[in-house]
Amino acid sequence: MLVNATEMLQKARDGHYAVGQFNINNLEWTKAILQTAQELNSPVILGVSEGAGKYMTGFATVAAMVKSMIETLGITVPVALHLDHGTYEGAKKCIEAGFSSIMFDGSHYDIEENVAKTTELVALAHANNISIEAEVGSIGGEEDGVVGMGEVADPQECARIASLGIDFLAAGIGNIHGVYPANWKGLDFEALEKIHNATNHIPLVLHGGTGIPEDMIRTAINLGVSKINVNTECQLAFAKATRAYVEAGKDLQGKGFDPRKLLAPGVDAIKATVKEKMELFGSVNKA
């Protein structure tokens, strides 16, 4: 059974740990993440970008797959199915499709339009017992066609969006999607503390969780970050393991190849990555 993410993130904030959001792209990734969460007794959030949803033939297909997999695998830890960086239209489609959580990324709008659209989606989400994340200050890098320059969010704008009734907030603090460059300046903890205090300690979200040093992760959690998104690290681990398997010629069996064997090393790599992150975030045995 899917749950919305509000309670799990409030518990994480109060317990000074973070719940990992791991993006899914297909059946294999979804199964690997769910099994690892169950093994570690950790709550988990499955993130779905609009591009990934389209690739998997639509949000309704994704929701049906996840719900069925939870039942078939006997998953008992809290699981939220969450739209990642959703548009206004995409958020509405995910509510209709049966997602348990949505993110509306209105950071590219001016603050007034962001407020108006967020207000409408908060009412719609809560009417359907769905949690909602909003964003202030675009996240750097590129993810699924969404490009940001790594802005640092204004605490007062964050306070205004938080007051609309959202359940958790993504605020730019110098974090970026993808691989961090060598000249990256790091997270702006002064800004994070101001945002944490200005938003009445609403659970905060750190996007771009791949490659951030462990000490920065721990400091961010102590300053209110309760959800950390990881995608690129899983992609890189999956690709590396799969490529090594193919280059070793192990998929050549005289009968074509078995995709179950071909993808198995990549799946194991994702499990190892998710386990490492859950342990770092402190969410193990917090279900």
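Biologist: Where does Thr 199 lie?

Modeller: Thr 199 sits in the loop between helix 8 (189–198) and strand 9 (204–206). Helices (H or I, at least four residues) and strands (E, at least two) are DSSP runs, numbered from the N terminus. One caution before we go on: this is a predicted model, in which local features need pLDDT of at least 70 and side-chain atom pairs count only at pLDDT 80 or more, while totals for chains, interfaces and linings use all residues. Residues are numbered from 1 along each chain as its sequence is written, and side-chain values use heavy atoms, with hydrogens and water left out.

Biologist: Is Thr 199 buried or exposed?

Modeller: The general idea is that buried means under 20% relative accessible area, exposed means over 50%, and partly exposed is in between (1.4 Å probe, protein chains only). Thr 199 has a relative accessible area of 6%, so Thr 199 is buried. For a contrast, look at Arg 218 in helix 9 (residues 214–222): Arg 218 counts as partly exposed because its relative accessibility is 44%.

Biologist: What does Thr 199 touch?

Modeller: Contact means heavy atoms within 4.5 Å. Not counting residues up to four places away in sequence, Thr 199 touches Cys 158, Ala 159, Ala 162, Leu 169 and Leu 204. The side chain of Thr 199 also reaches the backbone oxygen of Ile 195 at 2.7 Å.

Biologist: Which side chain joins that of Asp 167 in a polar contact?

Modeller: A polar contact is a pair of N or O atoms within 3.5 Å; within protein, one must be able to donate a hydrogen and the other to accept it, and residues adjacent in sequence count only if both atoms are side-chain atoms. Here the partner is Thr 6, at 3.4 Å from Asp 167, side chain to side chain. The Asp 167 side chain also reaches the backbone nitrogen of Ile 132, at 2.9 Å. You will find Asp 167 in the loop between helix 7 (155–162) and strand 8 (168–171).

Biologist: How many salt bridges does the structure hold?

Modeller: The structure holds 9 salt bridges. One of them links the side chains of Lys 117 and Glu 113 (2.7 Å, N to O). Both residues lie in helix 6 (residues 111–127), 4 residues apart, about one turn of the helix. Another joins Lys 277 and Glu 233, with the closest N and O atoms 3.0 Å apart. Lys 277 lies in helix 11 and Glu 233 in helix 10, so this pair ties together parts that are 44 residues apart in sequence. Both Lys 277 and Glu 233 are buried.

Biologist: At what angle do helix 10 and helix 11 pack?

Modeller: Axes are lines fitted to C-alpha atoms, for helices over the stretch in contact, and angles run from 0 to 180 degrees between N-to-C directions. Helix 10 (residues 232–247) and helix 11 (residues 259–281) pack at about 145 degrees, with their axes 8 Å apart. Residues that meet there include Phe 238 and Tyr 245 in helix 10, and Leu 262 and Ile 270 in helix 11.

Definitions and conventions:
A salt bridge is a side-chain nitrogen of Lys or Arg within 4 Å of a carboxyl oxygen of Asp or Glu.
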